[in-house]
Amino acid sequence: MGTRKKVQAFVRVRPTDDFAHEMIKYGEDNKSIDIHLKKDTRRGVVNNQQTDWSFKLDGVLHNASQDLVYETVAKDAVSQALDGYNGTIMCYGQTGAGKTYTMTGATENYKHRGILPRALQQVFRMIEERPTHAITVRVSYLEIYNENLFDLLSTLPYVGPSVTPMTIVENPQGIFIKGLSVHLTSQEEDAFSLLFEGETNRIIASHTMNKNSSRSHCIFTIYMEAHSRTLSDEKYITSKINLVDLAGSERLSKTGSEGRVLKEATYINKSLSFLEQAIIALGDQNRDHVPFRQSKLTHALKDSLGGNCNMVLVTNIYGEAAQLDETLSSLRFASRMKLVTTEPAINEKYDAERMVKNLEKELALLKQELAIHDSLSNRTLVNYDPMDEIQIAEINSQVRRYLEGTLDEIDIINLRQIQEVFNQFRVVLSQQEQEVESALRRKYTLIDKNDFAAISAVQKVGLMDIEGNLVGEPDGQSFGLGVAPFSVKPGKKPKTKKTPKDQFSSSARKEGASSPVSGKDFDVASISKTQLIPSSKDGDLKDMLARERETSSIEPLISDSPKEELRAPRPSTPPSRTVAFEEFKNERGSEINRIFKENKSILNERKKRASETTQRINAIKQEIDETKDALNFQKSLREKQGEYENKGLMIIDEEEFLLILKLKDLKKQYRNEYQELRDLRAEIQYCQRLVDQCRHRLLMEFDIWYNESFMIPEDVQVALKLGSSIRPGMVPISRIVCLGEDDQDRFSHLQQTVLPEGLDSITFYNAKVKTDQKAYGSIRRAWWRAACIINALNLRRTGVDQGYDKPIRP
Ligand code: ADP
Ligand code: MG
């Protein structure tokens, strides 16, 4: 199976008393045939006409009995068909050369029966030898005449009259002829009578329909299907063997035929030349398109030529000298056929019904196993069937209660239920996301950061400054943090050491004119790529902020750290990063910011000097060029006036001499300036690196500070500090914020990074969750809880469930 194989090509010579011994010679191994033509003297003295040919084949059958022919040609292919390989045996040759004799044989003489009846015999004999398999045999007999399809078995009483003409249909299983009757035969005798029926019809048609049987192609097909009787295997094999008696290959057009004969001839010539084209294409490794659909013959044989089947060709030739022309052309066809390679493969199929039955059996068995397992481990009867709507709704409600904190834990029942719990987490989460977004949309107008028109409109109103992304750098190299800084606005005192928390809590508590955050001062918060613009007027905005503070105020968590006690409660919504950044630069980041600014100013100074030097260099360069031009002019003058020479020395006038001196001086200046520029560039590069480092450091520190101050829940920070060297700020904010993206990878990473203490921390977070029932923060918390649950599930599954209910570690 799977190995490439050449098409087998044999030649059978029709017995004759007038065999052309001088012209036709066989090789010693009986596998080659040499043809020698006598020179045609009529063509003159110079005669380049080819006179010798040699054909290599798989065997020459000369004076061979029908028995031997079958053994040599068909036996293996038929035997393999029973193992699941498709096979095709074809007879090719001019009319009268013995195709029908080889394929069908003399029907009246048992001894002279051909390949067809012998193949049927072999099939039934082999079936008898295989009691382990239930093998069914079907046959069909198709005739193609003048590109029309005829069913040679349609005359049988049980075959209904066909209403529509037969058509060739391609489906994934292969080629199938719609309308062709296929007959189930359970024994040899039935098969023979079908064969005789077909043969008789062929002969009758030649009289009644005026068909010449040698002008039609006949395809007798034996279909087999083998199911194992012993194995309850759903696999079964199918195969078919095509026995093809082709129309005479002689070129009829030459004989000057007309009318019906000409029409027949054209069709035959066409279909045989299409067969030849298909065969050439099959034999050409570089061609991937084979023109099968050009004729009915090639189309009907599409899955039986080349491909995965065993192919055998018998070329029938005359032994007489008079037929040598046609003999040569038949042998050419045979040698072309030999170039085709096929890759025979078993046609294995699956019995869907049997497969379902087997799977059902296995499922029932596994359910029994589970029941036994459950009863052994004292589990009450667990249902493993798929969940219905009511059960899913119950899980959804459990998840919601869990998120609200009214349910402590969700009991694990089975894998299906765990999967559904997660599924419902996703459902609830996406609902909450939508709620948050629509709540934000009710309060703010969301503007896309890339929508420049909208941004400039907002700038005109004065809600955003011109650049929209200032962070206070002199040359406008921003950190891309957002919008106008809080502290640089008029009326703000950036020097006072106030934490951002102070600012926000004070803005929350104080109202009206005394508030340091007037409506105008309030910064445009940036959320991801979208900017939030308050949609209400200044006064409304204040009200809204105040209301938000009230509704979202949370109880300060009691902490054992004295430092924490001093901390004012956090704002419900973190300040925009721009605002916070300004604050940070005055607070924890002041030192690094100072260094950063210093480096930056050195860098700017060097850059300025470099640009001045460059300008000078350019000026010098220009002067050099001008001096060069002037010198050239002097030289050309001198040449025109005639040169003076004194003992081999050139005599030049004073003007030219001065110009030369000037040029020398300019070149010196140029070199000096250039050297300075090079030094400056090196310095600039170095300073730039320092500035970059400082910027990076500043941003990093800011991230840490921002996370600690606003993003990571304080209790988590405490948890992280306990017995761990991890500082809360070391958990990159992206890991926390990005959780909303439903990203399983980040999620599992989060488990490892943020919950290093495992189960002990779960109850801890659960306790926190209960005290914290705010609407807006719930997305992040949902993920926190999901993380806890996953951890718990993982640990339970691996059997490490001790300590799950332990109290919080102090
Ligand atoms: P084809 O089908 O190629 O037109 P046939 O098979 O009808 O040719 O043969 C033409 C005649 O030659 C038939 O009468 C057939 O019995 C006879 N014939 C052909 N080949 C042989 C053979 N090998 N031995 C005996 N008779 C043959
Ligand atoms: Mg024939």
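**Close-up views of a predicted model**

**Figure 1. Helix 3 is the largest contributor to the shell around ligand 1, giving 3 residues.** The model is predicted: local features need pLDDT of at least 70, side-chain atom pairs count only at pLDDT 80 or more, and totals for chains, interfaces and linings use all residues. Residues are numbered from 1 along each chain as its sequence is written, chains are lettered from A and ligands numbered from 1 in the order in which they are written, and side-chain values use heavy atoms, with hydrogens and water left out. Around ligand 1 lie Arg 12, Arg 14, Pro 15, Gln 94, Thr 95, Gly 96, Ala 97, Gly 98, Lys 99, Thr 100 and Tyr 101. A residue is near a molecule or strand if one of its heavy atoms lies within 4 Å of it.

**Figure 2. Oxygen atoms of ligand 1 face the backbone of Tyr 101, the backbone of Gly 98 and the side chain of Arg 14.** At Tyr 101, a polar backbone atom is 2.6 Å from an oxygen of ligand 1. At Gly 98, the distance from a ligand oxygen to a polar backbone atom is 3.1 Å. At Arg 14, a side-chain N or O atom is 3.2 Å from an oxygen of the ligand. On its own, ligand 1 has 550 Å² of accessible area, and the protein covers 66% of that. Accessible areas come from the Shrake-Rupley method with a 1.4 Å probe; for residues, only the protein chains shown count as cover. Two elements give two or more residues to the shell: strand 2 (8-14) and helix 3 (99-103). Helices (H or I, at least four residues) and strands (E, at least two) are DSSP runs, numbered from the N terminus.

**Figure 3. The largest nonpolar core has 51 residues.** Such a core is a set of buried Ala, Val, Leu, Ile, Met, Phe, Trp, Tyr and Cys residues joined through side-chain atoms within 4.5 Å. Buried means under 20% relative accessible area, exposed over 50%, and partly exposed in between (1.4 Å probe, protein chains only). The residues with the most contacts inside this core are Ile 33, Ile 35, Met 90, Leu 142 and Leu 275. Helix 6 (residues 259-283) gives the most to it, with 7 residues. Another core, of 44 residues, lies apart from it; Ile 89, Ala 119, Phe 192 and Leu 194 are among its members.

**Figure 4. Ile 35 touches residues that include Trp 53 and Leu 328.** Residues up to four places away in sequence are not counted here. The complete set is Met 23, Ile 24, Thr 51, Asp 52, Trp 53, Phe 55, Leu 324, Leu 328 and Leu 331. Contact means heavy atoms within 4.5 Å.

**Figure 5. Asp 374 sits buried in the model.** Its relative accessible area is 3%. Asp 374 belongs to helix 9 (residues 352-376). Neighbours within four places in sequence aside, Asp 374 is in contact with Arg 379, Val 382 and Tyr 384.

**Figure 6. Gln 424 is a buried residue of helix 11.** Helix 11 spans residues 415-443. Gln 424 counts as buried because its relative accessibility is 6%. Its side chain makes a polar contact with the side chain of Glu 420, at 2.8 Å. A polar contact is a pair of N or O atoms within 3.5 Å; within protein, one must be able to donate a hydrogen and the other to accept it, and residues adjacent in sequence count only if both atoms are side-chain atoms. Gln 424 also touches Ile 392, Ile 395, Asn 396 and Val 399, with residues up to four places away in sequence left out. Ala 393 is 31 residues from Gln 424 in sequence, and their C-alpha atoms are 9.0 Å apart.

**Figure 7. Asn 146 and Glu 147 have positive phi without being glycines.** Most residues other than glycine have a negative phi. Phi is about 50° at Asn 146 and near 60° at Glu 147. Asn 146 is in the loop between strand 8 (133-145) and strand 9 (148-151). Glu 147 has its place in the loop between strand 8 and strand 9. Asn 146 is buried, at 13% relative accessible area. Glu 147 is partly exposed, at 21%.

**Figure 8. Cys 218 and Cys 687 are buried.** The relative accessible area is 1% for Cys 218 and 10% for Cys 687. A search of the whole structure finds 0 disulfides, a disulfide being a pair of cysteine sulfur atoms within 2.5 Å.

**Figure 9. The whole protein has 23 helices and 22 strands.** Of its 810 residues, 44% are buried. Among contacts between residues at least 6 apart in sequence, 74% join residues at least 24 apart. The accessible surface comes to about 45,200 Å², and 53% of it belongs to carbon and sulfur atoms.
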